[in-house]
Structure formats: C-alpha cells, structure tokens
Amino acid sequence: MTLTSILPTLRASIPDPLTIDRWPEWTHPTTTDVIVSGVSMLRLVDICDTPCVHIAAAVIPGTHGRPSDREQASVVVARITSIDRLGVLTLDADLGAVPAHLDEVRMIGRTSTRHTRPFQLGGAAVTLPEDVAVGDLVAVPCAGSISCRQLRTAAAS
C-alpha cells in the first residue's frame with residue numbers, strides 16, 4: 001500500500017509509484033503522464049491516436065532500472081471505450097494476445113484524487129481510480145516488443 005492509495009488527494013502533487021522492473025528503461029511517472037525514455041505517452045497519443053505502442057529497452061530485474069542490452073519492453077496506450085455496471089472495462093485495444101503487466105495499469109491524461117477500486121480488464125483485476133470514465137487513457141507495460149497489429153480488436157478488423 002502506498003501513501004497515494006491511503007491519501008488519494010496526494011496524487012495532485014505526487015504521482016503513484018510504479019514497479020520499475022515492469023516498465024521499459026528510463027520510465028518515470030508524473031501526476032498525469034508516464035514518460036518512457038524521454039517520450040511522453042500523452043504526446044504519443046497526440047501524434048498516433050490510440051491504441052499506440054512505445055518500445056524501449058527492458059529493465060534488468062533487480063538492478064534499479066539498468067537497461068538491458070538484449071531485451072525490449074513496450075508500453076501500450078489505449079482508450080477506455082466502455083465500462084459496464086459490474087466494472088468490466090473495454091479498451092480500443094485487445095490486450096489478450098500480448099504479455100501485458102495488468103497489475104501496473106495506469107490512468108493517464110488527468111489526475112484523479114478519488115480512491116482506487118478493482119475493475120475487470122480481459123478477465124484480470126486491475127486497480128484504477130473509482131472515477132475512471134469512458135474516454136480516459138490507460139498506459140499498460142508489456143514484456144517484449146509489441147506491434148499495433150497485435151492489439152487489433154474484432155471491431156477494428
């Protein structure tokens with residue numbers, strides 16, 4: 001449990017921490033964004049729309065963020081397209097075919113000072129602020145190199 005989960009109003013001034021081993025090299029959160037190797041995920045969405053992918057070197061586990069010279073990691077940014085009354089989220093990307101670290105899903109694009117709660121995403125529980133809404137963006141770290149083609153939903157095909 002983190003200080004921002006106990007006192008969610010702190011998210012307006014400090015970002016929720018992330019597990020550095022699950023994200024690509026040089027990843028750091030802000031209160032509204034995730035910066036990966038100097039690239040803002042919000043700016044990436046401005047340029048590419050959603051879903052979009054950023055690929056960088058993976059982090060060697062247990063090294064406090066040292067980049068791997070062999071492995072890659074990705075961040076997928078997707079938009080929430082629906083939330084049913086049971087808390088099941090639907091994205092404009094299908095994360096079922098990629099090795100996503102769903103325990104690290106982060107809402108980006110705005111700061112929420114509401115408490116977090118579990119939602120369902122692709123059969124897994126994810127924790128997001130309780131005021132998450134249709135149209136919000138989420139950033140999801142993934143192991144390996146992911147292509148946008150792997151994220152196509154049935155509706156987009």
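**Labels and their criteria**

Analyst: The chain has two helices and 10 strands, where helices (H or I, at least four residues) and strands (E, at least two) are DSSP runs, numbered from the N terminus. Read along the sequence, these elements follow the pattern α-β-β-β-α-β-β-β-β-β-β-β. This is a predicted model, in which local features need pLDDT of at least 70 and side-chain atom pairs count only at pLDDT 80 or more, while totals for chains, interfaces and linings use all residues. Residues are numbered from 1 along each chain as its sequence is written, and side-chain values use heavy atoms, with hydrogens and water left out.

User: How do you know whether the radius of gyration of the chain agrees with that of a compact globule?

Analyst: The radius of gyration is taken over C-alpha atoms, and the globule rule is 2.2 Å times the number of residues to the power 0.38. For 157 residues the rule gives a value near 15 Å, and the chain has 15 Å, so the two agree. Taken along the principal axes, the C-alpha atoms fill a box of roughly 45 × 40 × 30 Å.

User: What makes A58 buried or exposed?

Analyst: Buried means under 20% relative accessible area, exposed over 50%, and partly exposed in between (1.4 Å probe, protein chains only). A58 has a relative accessible area of 11%, and therefore counts as buried. A58 sits in strand β4 (residues 52-59), and buried residues make up 41% of the 157 residues in the chain.

User: Which residues does A58 touch, not counting those up to four places away in sequence?

Analyst: Contact means heavy atoms within 4.5 Å, and with sequence neighbours up to four places away set aside, A58 touches R66, P67, S68, E71, Q72 and A73. A58 and C142 are 84 residues apart in sequence, and their C-alpha atoms are 9.6 Å apart in space. For the chain, among contacts with a separation of 6 or more, 59% are between residues 24 or more positions apart.

User: Why is R66 called exposed, and where is R66 placed?

Analyst: R66 has a relative accessible area of 53%, which is over the cut-off and therefore makes R66 exposed. Its place is in the loop between β4 and β5, and, leaving aside neighbours within four places in sequence, R66 is in contact with A58, V59 and I60. The C-alpha atoms of R66 and L89, 23 residues apart along the chain, are separated by 33 Å.

User: What makes R70 buried or exposed?

Analyst: With a relative accessibility of 73%, R70 counts as exposed. R70 belongs to strand β5 (residues 67-83), and R70 and I60, 10 residues apart in sequence, are 9.8 Å apart in space, C-alpha to C-alpha.

User: What is the volume of the largest pocket, and how do its lining residues divide?

Analyst: On a 1 Å grid over the protein atoms alone, a cavity is a set of points where a 1.4 Å probe fits but cannot get out, whereas a pocket is an open set with protein on both sides within 12 Å along at least five of seven lines, and lining residues have an atom within 4 Å of a point. Grid points are joined across faces, edges and corners, and a volume is the space filled by probe spheres set on the points; for the largest pocket the volume is about 580 Å³. The lining holds 32 residues, of which D16, P17, V105, R106 and T127 lie nearest the centre. Ala, Val, Leu, Ile, Met, Phe, Trp, Tyr, Cys and Pro count as nonpolar, Asp, Glu, Lys and Arg as charged, and the others, Gly among them, as polar, and the lining divides into 14 nonpolar, 11 polar and seven charged residues. The largest share of the lining, five residues, comes from β9.
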